[in-house]
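Trainee: I would like to go through this model one piece at a time. Please show it first.

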Amino acid sequence: MRRIWKAHGLKPHLLQTFKLSNDKRFVEKLEDVVGLYLNPPEHALVLSCDEKSQIQALDRTQPGLPLKKGRAGTLTHDYKRHGTTTLFAALNTLDGTVVATQMKRHRHQEWIRFMGLIDEETPADKELHLIVDNYATHKHPKVKRWLEKHPRFHVHFTPTSASWLNAVERFFRDLTERRLRRGVFKSLGQLHDAISAYIKRHNEDPRPFIWTARASDILEKVKRARAKLDKLQTV
């Protein structure tokens, strides 16, 4: 079977996932967000914002073995839970720095507190363009009222099912792969400290976020994917 699969270039052990957005304003939102990445407004900051919720403080049931020559590091498959935290982060696409805080929950109250932190941590003379997803918290009536009182904040929503368009997701991915996935945290406090230390090191040597794909290129790919999906559904 392996020889047959190889001869035909088939890899049944691999599976790729996908999700096409059904947002009726997909093109409008895509061009808006990509426009901020490629041509950011003058005298303004573009901040990619989101929450990473339910980060678990996991402690292994037995000590693991360290990496050594000829042997991979080890972790027990089971663990103890010591609680969760939610990380709020805003990635400055110009210089790569991150404004962040951790809270127990991620309701509209916490989102407003986070925007207040952004207000404090950024130069008062700069307009702020926030790229966020369509989570209901970001559109809560109290959030809208807060934004009306802080006119330098401008919110731009990504299309639904298009988290890949939000640059801060890359920061969350790196945090998970480099610090959280193999971490051992004996308390929630240890998890908080580990995340804070990672962000501190990141901000000491940040790298600007560079987006290269044009909206028209992305739309062509989406159009091809939509055509393939429609063809499969008619079979």
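This is a predicted model: local features need pLDDT of at least 70, side-chain atom pairs count only at pLDDT 80 or more; totals for chains, interfaces and linings use all residues.

Trainee: Is Ala225 buried, partly exposed or exposed?

Mentor: Ala225 lies in helix H7, residues 215-234; helices are DSSP runs of H or I with at least four residues, numbered from the N terminus. Buried means under 20% relative accessible area, exposed over 50%, and partly exposed in between, with a 1.4 Å probe and protein chains only. Because its relative accessibility is 30%, Ala225 counts as partly exposed.

Trainee: How far apart in space are Ala225 and Leu20, C-alpha to C-alpha?

Mentor: In sequence, 205 residues separate Ala225 and Leu20. In space, their C-alpha distance is 7.9 Å.

Trainee: How are H5 and H6 oriented to each other?

Mentor: The axes, lines fitted to C-alpha atoms over the stretch in contact, have angles from 0 to 180 degrees between N-to-C directions. Those of H5 and H6 come within 11 Å and cross at roughly 120°. Angles under 35 degrees count as roughly parallel, over 145 as roughly antiparallel, 65 to 115 as roughly perpendicular and the rest as oblique. H5 and H6 are therefore oblique.

Trainee: Which residues of H6 make the contact with H5?

Mentor: Contact means heavy atoms within 4.5 Å. H5 contributes Phe171, Asp174, Leu175, Arg178, Arg179 and Leu180. From H6 come Leu191, Ala194, Ile195, Tyr198, Ile199 and His202.

Technical notes. Residues are numbered from 1 along each chain as its sequence is written. Side-chain values use heavy atoms; hydrogens and water are left out. Helices (H or I, at least four residues) and strands (E, at least two) are DSSP runs, numbered from the N terminus.
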